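Please open the structure in your viewer and keep the selection panel at hand.

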Amino acid sequence: MPESNNQRITSVGIDIGTTTTQLVISQLTIENTASGSLVPHVEITDKEVIHRSQIYFTPLVDRDLVNAVAVSKILESEYIAAGLTPEMIDTGAVIITGETAKKENAKAIIDALAGFAGDFVVATAGANLEAIFAGKGSGAALYSAERHQVVVNIDVGGGTSNYATFHEGKAVDSSCLNIGGHLIEFERHGDRITYISEPAQTALETTGQRLQVGERVTLPQLRPVVKAMAECIVEVLKTSVHSNLTHKLLMTPPLQLAHPIRKVMISGGVADYVYAEKEPERMAEVTVFGDFGPLLGWELKVSLDSAGFVLEKPNETVRATVIGTGTQSVNLSGSTIHLQETTLPLRNIMVVSPFTAVIPETPEMIAEVIKSEMIQLQVAQTEGVVAIAMKGPRTMSFLDINSFAQGLLLGMQDYIVNAKPLILVMEADCGKVLGQCINASATHPLEVICIDQIEVDNCDYIDIGKPLMGGRVVPVVLKTLVFNR
Amino acid sequence: MAVANNDLEKVIIQSVMEELAKKGLLSQKGKDHMMSAAMMDMPFVPNPQSEEMVTFPPQEEMQIDNPFNADAVRAMKKLTPARIGIGRAGTRPKTMSLLRFLADHAVAQDAVFLDVSDEFLQRMNLMAVQSSAGSKDEFLQRPELGRRLSEEAARKIAEKCEKNVQVQILIVDGLSSSAIEANIPDLLPALMQGLKSSGIKVGAPFFIKNGRVWVQDHVASIVNCDVVISLIGERPGLGTAESLSAYMIYRPDENTVEADRTVISNIHKGGIPPAEAGAHLTDVIKQILSAKASGVKLNQQK
């Protein structure tokens, strides 16, 4: 049995946002960190970014259609620049963010890119996930773990502001507001408005401002609406009672604010102007990228200061999301993996959580719960593979684990009859013994993946990549798709 | 408990009792009982009928007054069962910390000095034999005696145990009987299921009282098994007294050294959960059988 103690894998992160498209390639080192007398524990021990792309404007065919061909050309040229081919990529994620994800064709683009960008690359999107990746990429997650302080990362991009609150390294809260620096477009270095997006129109109307496409504006004319937007961003941090405008622009439920917030980090394209030394003084400075990002950044800093928040500097600003996507999207998990290698990778596995309350005691009752959930979700009618997610068996006793295995086989009868793999994801540390119990109770050989010590709260789908470390672990990507929200 | 024969002692006892009552560790009744004993200048005789259980607040509770960063203390406490973030009273530990320390120490001593109960062995259907150490005291004072079976044990094993099996499982009390009673009910069935469904021939597990790790070599020489595995109670600490280790060796003989053993340690509910350990040990035993080696020799083959 080959058991090398570490392995390096190459991961790509691709971020297609409202305004910009970028990519990073990272090298992840995975290692068995447990000592020889303990159960092996494989984890990612080092992450190194080996290639950062240029920052491209997201190519659009028209305002609503991302140019997939052009995007794949960008990837191609960046791979060449990095000296890599798609086959050399082991894992990674494409994330479609901000306004772009709203556009109807986003799913098609993701699919096209997932095929192009190597075998294991998986597609993901979703405002909450984006916020969390940005906060991990910016360094906010690490900051909260090292300083033991709650910090909120706000990734302010072209179309959206994504909030993620971190406590002890973990994301505990997230939200998304439809405010970004590219919602009104201008002639570059000029003062003529070329486009006003819908959320910007809403902001204009609510604040009683009147700006129109084709019009030339001065800085004092533009400032009030930008100030109002900045204040909306800060308002989400302060209170759950929102002004009319904030309420209209929230794209997800607001922050729950269960933890008191003092420290704030800003990442995203607008971030560099939050941390700028001086404010933009002329329209030409504001519209350097054909939008009002520099002014939004400055006004945001002013609003945060006057509300008493402490601004912390992130490690990454404009690249935070893409770095987070490339380095943080992958979990590794081991335990029981009885699979034909050709079964993997599996994409878009629907996560089913049948056990909302306590897990019942007998196999029959467990089977009952699973069956009714499977019927409700019409799993039998779909071709897809599902994963059963849970916290763990009723207790960690062998008796309960064995009963659970029997209940599971009984409840999933109709599903495994079609030779589909039985996939289990749980938080408790008993993946090996549960897998063993399933195999011992099964009447015929089954394909089983039992993944433990993974939290799947708020997760709709998972992807499982090809096994690593001599078949001992599989890369697992948890995701929440924006499309069903 | 000592007699309170001067006023200072009374004051001390009274304030300790009050502190305990305030923390909810002692009921009013218990406090009154002890106080009156102290005040009457009479030796305190605990009443076995009304013996009170003392409950400690959860370990993770903040014990530092006015911490600068409470989140940081909580995060660090979560990482270790060690006694950190417990505050202090002047240069001394707080009453609560001291009591917890004494209680944990008592639990550790019990683990060493108590025997695995007959009721437990019956329930688990385990035959019991003994090492050549005749008593706990002898076992603790003369380690070499725990490494050999008694003559009677050797005879009983030769008579009752199946020979030439692939795997022989031993349950050995070692330095913690508590570890045996806490872990074996979940570990053993998981291990047996794993070995059996892998088609491995296993002899009936049995229990050895007052045994140490090396006693497995003696057993192997009698039953002539390929692999012998001892599930043995670890030396208890103040963190847990319930930790178990599994020592495995492939065909031990007179040239066997410690490096020939493979060990999986730290099996208890706060470490490797016992049922999960059973499944993991199955994998390790399979590796040992196929490599025909254990310990360092096994690792070198990997």
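**Salt bridges, stop by stop**

Select B:K136, which counts as buried at 13% relative accessibility (buried means under 20% relative accessible area, exposed over 50%, partly exposed in between, with a 1.4 Å probe and protein chains only). This is a predicted model, in which local features need pLDDT of at least 70 and side-chain atom pairs count only at pLDDT 80 or more, while totals for chains, interfaces and linings use all residues. Residues are numbered from 1 along each chain as its sequence is written, chains are lettered from A and ligands numbered from 1 in the order in which they are written, and side-chain values use heavy atoms, with hydrogens and water left out.

B:D115 is partly exposed, at 38% relative accessibility.

Next, select B:D217 and B:R261, a salt bridge with its closest N and O atoms 2.8 Å apart. Both B:D217 and B:R261 are buried.

Now move to chain A and select A:R223 and A:E279, where the closest N and O atoms of the salt bridge are 3.5 Å apart. A:R223 is partly exposed at 23% relative accessibility, and A:E279 is partly exposed with a relative accessible area of 29%.

Finally, how many salt bridges does a search of the whole structure find over all chains? The search finds 27.

Note on methods
Salt bridge = Lys/Arg side-chain N within 4 Å of Asp/Glu carboxyl O.
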